[in-house]
Amino acid sequence: MGLRLHNTLTRRLEPFEPADPDRVGIYGCGPTIYGHAHIGNFRTFLFYDLLHRYLEWKGYGLHFVMNFTDVDDKTIGAAREAELTIAEYTEPFAEAILAEADALGMRRFDLYPRATAYVDRMIELVAALLEKGLAYTTADGSVFFDISAFPDYGKLSGKDLDQGRTGERVADDEYEKDDARDFALWKGVKPEDEEVGAAWDAPWGRGRPGWHLECSVMGMVEVGETLDLHLGGEDLIFPHHEGEIAQSEGATGKPFARIWLHVKHLRVEGEKMSKSLGNFITVRQLLDEGVSPAAIRHQLLSAQYRRELNFSRAGLEASEKAVTRLLDFRDRVARALDDSPGEEEGAATPPVPPLVAAARNARSAFEEAMDDDLNVSGGLGALFTFVSRGNSRLDEDAPLDPREGRAALELLDSLDQVLGVMELGSQARTVHDDELEAWVEDRIQARSEARKDRDWARADAIREELADRGIVLEDGADGTRWKRVGAAVGDRG
RNA sequence: GGCGCCGUGGCCAAGUGGUAAGGCAGAGGACUGCAAAUCCUUUAUCCCCGGUUCGAAUCCGGGCGGCGCCUCCA
């Protein structure tokens, strides 16, 4: 069984069959960069990252593109207020988002195109649609897509356009168009557009591209006329992706994407995240508070992308603990492997040791879950089941067979190529501060002496002192070990 | 009004026909000077009512409850 994905277009699970497995073309709708990205954006982007990592893990070669939308109404409005051009205004946000993506352990995609760099190609596409009679111009220099000329319009979102309230909310749109449901390919210039450098010349008049047009063009130019996968948040199904289909397929006559994936919106503490509720949380805020990136990543990835996910402080704490359990286990295996006896030359090959078999099972259970529409909860379950088995095995008296230690580490590292939580967590654990490290070692030495003298009060005081600095001690048969624990969650003073 | 999703232990969450993975939290125990980590034990009428079936959390019907989208918010 290979990977199967839920295609919004057919509303069914479909086998993933890219045209060229060595170059799978993927386009994900990225953020509009008029402000800082919030954690909802990052649920979507982390899903892209999970997909990216999983497909690479499965051996596919990818060409993965995520755009930055750097021109739209809000961007123009914000740039005007800041008295900057849209280019000046947006670029810092693009950089901030990439920095946050890095902080959350996202691997870089192949390309992050900015819409404004593709205006020439957008004009070409509009010209083609006008040529084909799928679009019309208006007196103010705008161009609209004529949905009545494109029978497939509505196929992605499943809308019956002759019914319901579709179009109701835009009946008073300031642009004149034949049908309220027609959407803008090109918006005739307004004075405020010129102020911020958001206007370009086109054969039918000066103006700026419509939102849907941008993604159609970046997708087709950078990935191809038919994408293997097109990704986005669930809110984009209509009208954004419906519009992209109309424009792209209207122009090329080819399917724009084989499979459409849509990520469900995140909730925050049980509520919809919105500015009016005042519960907008940015990744930047969380990081500044000292919340561990691994906990954020774990929580945002912990539910399957089409399931409801509620982001909460309590959940962050649970995630922090879960990642800690993984890291502790990995460290424990690594130590046990160091201590395990070397291979005996010429020894008869014993049967498969228990942990080797468990690792094998875990790997296949993980892959089976992930193949089922990226069921990451099931995948994490497989990983943690292995951790329990491994800890039990390490508690046994029988020394660890080196093959077991290696199989366990290989498994952990392999699954983390996909999950990326241990790599983030272990970064946070690594102390880069020689001075601190020396101090900790010194304190541990002092405590050991106190313990030797059975001066428990002093020993405990030292342990407390270390705990205040985020250092946790573990006394073992072979001495005292220490580790740095993740930043406190929700502890804002 | 249209289209769609969801309802599993204290919290989060897999499982879509053969009597319930996993994480967090709680209780008891082992280990420890005490801890930490780890292990063991322990906590589920799977929203309700019908139906199909030898058998349903899983399929069908009807309720109840929560949620999303319906023109520019990932």
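**Reading the model**

Modeller: Let us begin with a loop. Asp 373 is found in the loop between helix H11 (354–371) and H12. Please keep in mind that this is a predicted model.

Biologist: What is the phi of Asp 373?

Modeller: The general idea comes before the case. Most residues other than glycine have a negative phi, and most peptide bonds are trans. Asp 373, however, has a positive phi, near 60°. Leu 374 lies in the loop between H11 and H12 as well, and its phi is also positive, about 55°, although Leu 374 is not a glycine.

Biologist: Is Asp 373 buried or exposed?

Modeller: A residue counts as buried when its relative accessible area is under 20%. Asp 373 has a relative accessible area of 1%, so it is buried. Leu 374 is buried too, because its relative accessible area is 1%.

Biologist: Where does Asp 178 lie, and is it buried or exposed?

Modeller: Asp 178 is in the loop between strand S6 (143–145) and strand S7 (183–188). Residues over 50% count as exposed; Asp 178 has a relative accessible area of 66% and is therefore exposed. Sequence distance and spatial distance can also be set side by side for this residue: Asp 178 and Gly 233 are 55 residues apart in sequence, and their C-alpha atoms are 29 Å apart in space.

Biologist: Which peptide bond is cis?

Modeller: The bond from Phe 238 to Pro 239 is cis, with omega near 5°. Pro 239 lies in helix H7.

Biologist: Which residues is His 212 in contact with, leaving aside its neighbours within four places in sequence?

Modeller: His 212 belongs to helix H6 (residues 211–222). Apart from those neighbours, it is in contact with Phe 183, Pro 239, His 240, Gly 243, Glu 244 and Gln 247. A polar contact of 3.0 Å links the side chains of His 212 and His 240. His 212 has a relative accessible area of 8% and is therefore buried.

Biologist: With what does the side chain of Arg 208 make a polar contact?

Modeller: The partner is the side chain of Asp 73, at 2.6 Å. Arg 208 lies in strand S8 (residues 207–209), and it counts as buried because its relative accessibility is 4%.

Biologist: How is a helix read, and where is Ala 450?

Modeller: An α-helix has 3.6 residues a turn, so residues three or four places apart point the same way. Ala 450 has its place in helix H15 (residues 434–452). With a relative accessible area of 4%, Ala 450 is buried. Beyond residues up to four places away in sequence, Ala 450 touches Asp 455, Arg 458 and Ala 459. Ala 450 and Ile 462 are 12 residues apart in sequence, with their C-alpha atoms 9.4 Å apart in space.

Biologist: Which residues come nearest to RNA strand B?

Modeller: Of the 64 residues around RNA strand B, those that come nearest are Arg 181, Lys 187, Gly 233, Leu 236 and Arg 463. Helix H12 (residues 376–395) provides the largest share of the surface near RNA strand B, with nine residues.

Biologist: How many helices and strands are in chain A, and what does the chain span?

Modeller: Chain A contains 16 helices and 15 strands. Its C-alpha trace spans about 90 × 55 × 35 Å along the principal axes. Of its 493 residues, 51% count as buried.

Terms used
Residues are numbered from 1 along each chain as its sequence is written. Chains are lettered from A and ligands numbered from 1 in the order in which they are written. This is a predicted model: local features need pLDDT of at least 70, side-chain atom pairs count only at pLDDT 80 or more; totals for chains, interfaces and linings use all residues. Side-chain values use heavy atoms; hydrogens and water are left out. Helices (H or I, at least four residues) and strands (E, at least two) are DSSP runs, numbered from the N terminus. Buried means under 20% relative accessible area, exposed over 50%, partly exposed in between (1.4 Å probe, protein chains only). Contact means heavy atoms within 4.5 Å. A residue is near a molecule or strand if one of its heavy atoms lies within 4 Å of it. A polar contact is a pair of N or O atoms within 3.5 Å; within protein, one must be able to donate a hydrogen and the other to accept it, and residues adjacent in sequence count only if both atoms are side-chain atoms.
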